[in-house]
Amino acid sequence: MTAGKRKTGLVFFPAFDWAISPTHPEREERLLYTQDQVFEEGLLDLDNIFEFKPGIATKEDVERVHICVPDVERVTTESHMISAGGAITAADKVMSGEVDNAFALVRPPGHHAMRIVHGARGFCNINIEAVMIEHIRRKYGRRRIAIVDTDCHHGDGTQDIFWHDPDTLFISIHQDGRTLYPGSGFPEEFGGPNAVGMTVNIPLPPQTSEEGFLYVLDHLILPILDDFKPDLVINSAGQDNHYTDPITDMQFTAQGYARLNDRLSPDIAVLEGGYSVETALPYINVGIILAMAGLDYSQVREPDYDPERIRQSADTTRYIERLSEGILGLWKRREEQKRKIRRDSEFIRRRRSVYYDTDHISEEQTEEVRVCDDCGGLVTIDSTANHATRIFAVVVPGGSCPACRRKGEEIYGSRSRGDGPYQHIYFQDRDRDLYLVK
Amino acid sequence: MILGIDVGGTHTDAVLLNGRFEVVASAKVLTNPENLIVSFREATSRILNGGDLKQLERIVLSTTMSTNAIVQNRVDRVGMILAGGPGLAPETLRINEDTRFISGYVSHRGLEAAGTDEREVRDAADSLKKKGIRHLGIVGKFSTRNPGLEQRIGDLVEGDFEHLSFGHRMSGNLNYPRRIATTYLNAAIWRVYNRFVEDILRFTAEIGTTAPVYILKADGGTSEISQSAKYPVGTILSGPAASIMGILSLTTGKEDAVALDIGGTTTDIALFADGVPLLEPFGVTIEGRKTLVRGLQTRSIGVAGDSRVRWEQGELRVGPEREGPAMAFGGPFPTPTDAMIVLGLTKIGDREKAAAAMEILGGEANASPGETARIVFEKTCGLIADAVREVLDEINNKPVYTIHEMLEGKVIEPKVLYVVGGPAEAMAPRLGEMLGCRPGLPKHAEVANAVGAALARTTTEITLLADTEKKILTIVEEGIRQDIPGRFSRDDALFICREKLLERALKMGAREEDLIMEIIEDQEFNMVRGFYTTGKNIRIKAQIKPGLISPRKDGGTPS
């Protein structure tokens with residue numbers, strides 16, 4: 001343990017009456033055994049652990065982050081609004097000083113949801129951390145925030161949402177995209193032209209064990225956080241790196257998760273994936289809660305825990321050491337990298353295809369950002385889903401400079417629905433908390 | 001006829017009710033803390049005559065016996081054998097120096113993740129025996145999911161101790177630390193409680209009645225007294241439960257309501273949802289120990305009739321100390337009671353002394369005695385109203401775990417405020433105004449506790465878990481663990497649950513006409529391996545909820 005007892009808030013919302021489908025991993029009993037273990041251990045009775053009922057996020061909370069096509073109601077259910085609301089409650093309890101840190105143990109998850117939402121991808125509809133972060137900024141002021149995503153899958157949605165944001169550092173540690181959904185998250189994905197280095201991807205080889213995860217934490221993530229000096233650290237606490245997870249191939253443990261959380265010491269942790277509902281989640285969650293509360297977690301382990309059986313190979317260890325060194329070098333040369341990417345462009349464009357595996361939607365997207373040293377830069381997006389629904393969005397960033405704002409207003413004003421190929425034209429002003437649709 | 005007796009800390013009250021549940025006689029005597037039977041005898045003899053005795057068909061008792069034994073530490077030394085496995089560090093679970101940790105534990109699915117070591121159990125038992133310990137608690141983590149491990153430990157030490165308390169018998173609820181505390185308390189008061197039961201039964205035999213004797217439990221329900229002797233811990237906080245059941249018995253509402261018992265030192269707050277008193281979600285707390293004992297929810301605050309009132313840095317403070325009676329009764333400091341006397345809200349006490357109290361208090365704030373009394377009264381009512389709002393807020397914001405409850409969950413909005421206790425009449429109207437409730441002053445409030453005990457129905461609860469993948473059913477409160485077919489359904493579970501609840505309630509002395517069952521938890525989950533459903537996890541909890549027995553329709557004596 002690195003710290004004494006802390007006041008820890010827990011927002012627990014297992015949504016026992018909600019599933020994507022009856023045998024889908026994201027189903028009713030996902031947190032049932034976690035509830036059993038947390039209740040049986042008596043964690044809610046501890047004098048420094050406080051349980052809070054989640055709030056319900058509003059349409060405005062979602063529109064501050066996403067452009068939902070055609071609208072918020074059509075792509076979300078109550079469960080998503082409660083899950084995001086739970087993350088917001090956790091944040092409010094920390095920001096108001098009622099607790100020292102908080103864990104939103106809620107479902108469904110959100111880190112695969114990108115800025116534009118045509119439907120669900122990777123079991124996610126809206127990005128609950130992003131909704132929470134923009135709520136924090138709206139209510140408590142512009143903060144430098146670091147997100148450390150420890151889910152086994154690349155947090156591509158969170159990456160997309162904060163790609164151009166120089167005030168949000170997004171670090172994702174995940175199983176190598178060549179071996180797992182969503183297939184992205186390589187070190188070369190390093191942030192947009194106005195936020196170079198603000199996205200850090202750490203793809204780990206399959207079979208990485210406690211040793212590898214903690215090495216990366218100590219030798220890469222913590223040094224980068226020391227440089228960035230965030231006001232808040234948020235952990236997207238996916239739990240699918242566990243050695244018993246049915247849909248991934250890693251060797252992490254409850255004890256490892258607890259140590260990682262202890263050393264990272266996040267202000268807010270938000271549950272993401274993790275589908276070994278019976279043999280991993282109960283123990284990981286008890287470990288994380290104890291670690292956050294600054295209590296002794298050394299006795300937490302799975303019934304079948306055997307460190308020998310899950311030890312990573314020497315090759316894996318060497319690979320991870322080299323990888324960490326490489327990425328740290330990249331981080332240190334981020335300014336140089338920025339100049340290379342920008343050259344003298346006024347706008348930089350990227351084109352990509354996004355697949356919504358949960359809802360079987362294919363999206364084609366062209367995104368343009370105004371190169372800007374004074375803010376995150378104006379962004380415009382032209383998006384077409386299933387060759388049918390086409391929309392155009394103008395996004396003015398939080399803390400926008402006058403030039404980006406002027407330009408954004410001008411573009412939105414010059415377009416009208418019906419005289420072009422677009423069903424809808426959206427204007428999201430993150431600075432003035434304004435959302436318009438035509 | 002029913003005889004209701006409330007053996008309280010100060011007074012012992014007895015009431016005799018006829019078949020229409022009307023109070024036909026009542027008595028109040030001082031409690032003899034050294035020998036409760038003496039008080040019991042005295043109160044009873046004042047209201048019972050030979051004729052009544054023959055007509056008596058039940059005797060119900062509420063008593064601070066168990067609570068006092070714990071509070072005054074008149075308990076036996078208890079050895080504890082704990083089998084918890086990984087999780088919280090064991091040292092945080094140690095309850096006393098006689099706690100022994102042994103290997104072996106059960107997982108959340110009810111599987112024995114590690115077996116016990118016979119040698120270790122024997123060594124633990126021997127070391128405790130050597131110290132002269134005769135009462136043993138045996139508690140395992142998740143023993144509510146599979147009591148087998150606790151039972152095996154019990155078999156190994158059988159005969160070595162006078163009494164064994166098993167964790168799984170205390171409650172079907174999860175919470176290992178609470179299970180440890182509950183089992184410990186059960187073992188600690190087992191002998192003193194059993195003696196008390198013997199004394200009571202000897203006494204009733206002596207006076208020549210064969211009417212069954214019941215005891216009021218913390219949940220506001222009764223249990224036949226010799227049944228209660230197996231789980232004495234269920235009778236802690238019988239007193240506060242009697243007070244809530246008393247208010248319930250003197251009112252007729254089926255609405256959401258607040259009940260206040262305003263005494264000298266504290267005010268107890270309880271809530272009714274649709275006329276039913278609320279239970280603590282996990283269990284009651286006694287002497288700072290959180291337990292799994294099913295009990296009515298009460299909140300106690302140190303603001304009441306005799307609270308000391310003073311100015312502190314320009315702020316008026318009421319309580320939480322009580323330094324003696326009101327000045328109007330010769331007490332040392334001004335109190336809310338003095339203020340109420342000055343305001344003419346009550347006619348008790350010495351008016352001049354009360355005025356002097358307000359004079360002293362007012363001097364510091366440059367206010368007349370009348371103004372001061374008004375400020376004190378407002379402040380006192382305000383503090384109580386704030387506490388009620390806080391309790392309501394807490395209950396209405398209690399975490400829930402389904403979308404349905406999130407969106408449709410019951411919100412308690414009290415319409416009525418029942419007030420009992422000394423200052424009830426003086427304070428009820430103003431408190432009602434503050435809380436937006438219609439004030440109600442129950443009749444016979446002075447013996448409410450005894451009436452509440454007399455009319456409380458027998459309550460109990462059972463928890464059924466069926467795992468159709470492992471093909472096992474558990475009803476832990478009854479120690480049942482049996483095989484079921486893989487096609488076992490939720491309907492089967494509900495059927496068995498109802499049946500077992502009935503059996504249990506009848507065994508505890510319930511009357512057939514009061515067996516009003518309620519399913520309080522009803523969950524069914526698919527267990528999936530890969531992408532196939534391999535079984536169901538069914539969880540049902542059923543109860544006979546706290547409430548009053550029903551009078552027979554012909555107005556005659558209930559059987």
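Two residues are in contact if their C-beta atoms, placed from the backbone, lie within 7 Å. This is a predicted model, in which local features need pLDDT of at least 70, side-chain atom pairs count only at pLDDT 80 or more, and totals for chains, interfaces and linings use all residues. Residues are numbered from 1 along each chain as its sequence is written, while chains are lettered from A and ligands numbered from 1 in the order in which they are written.

**View 1. The surroundings of Val258(B).** Leaving aside residues up to four places away in sequence, Val258(B) touches Ile269(B), Leu271(B), Val388(B), Pro414(B), Leu417(B), Leu435(B) and Cys437(B).

**View 2. The largest nonpolar core.** Such a core is a set of buried Ala, Val, Leu, Ile, Met, Phe, Trp, Tyr and Cys residues joined through C-beta atoms within 7 Å; buried means that 20 or more other C-beta atoms lie within 10 Å of a residue's own. Here the core has 139 residues, and those with the most contacts inside it include Leu3(B), Val258(B) and Leu417(B). Domain 1 (2-71 + 192-245) and domain 2 (302-413) of chain B, with bounds from an automatic or database domain assignment, both contribute residues, so the core lies between them.

**View 3. Helices H7(A) and H8(A) side by side.** Helices are DSSP runs (H or I, at least four residues), numbered from the N terminus. The axes of H7 (residues 210-228) and H8 (residues 254-264) of chain A, lines fitted to C-alpha atoms over the stretch in contact, come within 10 Å and cross at roughly 10°. H7(A) and H8(A) are therefore roughly parallel (angles under 35 degrees). Among the residues making this contact are Phe213(A) and Leu217(A) of H7(A) and Leu260(A) of H8(A).

Methods. Axes fitted to C-alpha atoms, helices over the stretch in contact; angles between N-to-C directions. Helix = DSSP H or I, 4+ residues; strand = E, 2+ residues; numbered from the N terminus. Parallel < 35°, antiparallel > 145°, perpendicular 65-115°, else oblique. Buried ≥ 20, exposed ≤ 12 C-beta atoms within 10 Å, placed from the backbone.
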